Amino acid sequence: MEYFIMTQDRRLDEHMVLFDGLKSATRTLEVPREREQEIKDFTVVYVDGKDKVIPDLIDRPVVFISDSLKKVIEMYDDDALFKCAVLAHPVEEVQKTYWLLLVDRLECLSDLTEYDPWGRPKRIVIDRKLARGHGVFRIAGIDDQRLVISLDIAESILRRDLWGIDLEPLQTKEDEDI
């Protein structure tokens with residue numbers, strides 16, 4: 001199985017809606033599955049900005065995915081957890097249903113992963129044997145909040161009319177047992 005890093009298309013950054021109260025967030029705030037009980041099942045999130053776009057994947061300040069992207073992920077990952085978040089834009093009188101994606105970190109780094117002198121990954125290599133059976137996750141052992149998705153999910157995204165998503169292939173450890 002191949003894997004991809006899924007991120008929001010950075011070309012949209014200056015055209016995105018702004019999140020009231022979190023306008024200065026430049027990193028993704030990670031929400032793991034273990035915090036599921038702390039988060040309401042339904043939340044209204046107010047957004048701002050005239051003539052701004054809302055893509056199918058928003059990865060800052062937290063990971064919000066559209067209803068269409070949620071359906072794709074549900075097809076391939078039974079363990080994915082979602083909390084409903086209605087993005088409300090009162091000025092433009094628009095409401096869209098999005099989902100907060102709660103994912104855990106997976107211990108799946110290969111021994112072939114290379115690090116820079118400061119301990120940050122220079123080249124990420126996934127051990128396919130350790131990642132097998134997981135559709136969407138974050139990588140444990142590195143300071144990186146980006147989402148990793150399986151080839152099945154990536155192909156399904158590309159077959160649909162989803163937009164605002166970048167997919168970057170990850171290297172995987174070749175193993176005869178896989």
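Student: Which residues of helix H1 (residues 67-76) are buried?

Tutor: This is a predicted model, in which local features need pLDDT of at least 70, side-chain atom pairs count only at pLDDT 80 or more, and totals for chains, interfaces and linings use all residues. Numbering starts from 1 along each chain as its sequence is written, and side-chain values use heavy atoms, with hydrogens and water left out. Helices (H or I, at least four residues) and strands (E, at least two) are DSSP runs numbered from the N terminus, while buried means under 20% relative accessible area, exposed over 50% and partly exposed in between (1.4 Å probe, protein chains only). In H1 the buried residues are Leu69, Lys70, Val72 and Ile73.

Student: What arc around the axis puts them on the same side of H1?

Tutor: The arc is that of the directions from the helix axis to the C-beta atoms. The buried set of H1 is Leu69, Lys70, Val72 and Ile73. These residues lie on the same side of H1 because their arc is only 160 degrees.

Student: Which residues are exposed on the other side of H3?

Tutor: In helix H3 (residues 151-159), Ile153, Ala154, Ser156 and Ile157 are buried. Their arc around the axis is only 165 degrees, which means that they sit on the same side of H3. On the other side of H3, the exposed residues are Leu158 and Arg159.

Student: Which strands stand at the edges of the open sheet of five strands, and why?

Tutor: Two strands pair if DSSP finds at least two bridges between them. The five strands have the order S8-S12-S13-S1-S14, with mixed pairing. A single partner strand is found for each edge strand, so one side of each has no neighbour in the sheet: these are strand S8 (105-106) and strand S14 (165-169).

Student: Which residue of S14 stands opposite Phe4?

Tutor: Strand S1 (residues 3-8) pairs with S14 through five bridges, in the antiparallel sense. Within S14, Phe4 stands opposite Pro169.

Student: Is Asp144 buried or exposed?

Tutor: Asp144 belongs to the loop between S12 and S13. Not counting residues up to four places away in sequence, Asp144 touches Arg105 and Ile124. Its relative accessibility is 14%, so Asp144 counts as buried.

Student: Which are the edge strands of the open sheet of six strands?

Tutor: The order of this sheet is S2-S3-S6-S7-S5-S4, and the pairing is mixed. Pairing on one side only applies to strand S2 (18-19) and strand S4 (57-58).

Student: Which residue of S6 is the bridge partner of Val45?

Tutor: Strand S3 (residues 42-48) runs parallel to S6, with five bridges between them. The partner of Val45 in S6 is Leu87.

Student: Which residue of S7 is the bridge partner of Ser66?

Tutor: Nine bridges pair strand S6 (residues 81-89) with S7 in the antiparallel sense, and there Lys83 is partnered by Leu100. Strand S5 (residues 64-66) is also antiparallel to S7 (residues 94-102), through three bridges. In this pairing, Ser66 is partnered by Tyr98.

Student: What is the relative accessible area of Glu93?

Tutor: The hairpin of S6 and S7 has four residues between the strands, with Glu93 at a positive phi. That phi is near 55 degrees, in a residue other than glycine. Glu93 counts as exposed because its relative accessible area is 73%.

Student: Is Asp51 buried or exposed?

Tutor: Asp51 is in the loop between S3 and S4. Its phi is positive, about 55 degrees, although Asp51 is not a glycine. With 61% relative accessibility, Asp51 counts as exposed.

Student: What is omega for the peptide bond from Arg60 to Pro61?

Tutor: Pro61 lies in the loop between S4 and S5. The bond from Arg60 to Pro61 is cis, with omega near 10 degrees.

Terms used. Contact means heavy atoms within 4.5 Å.
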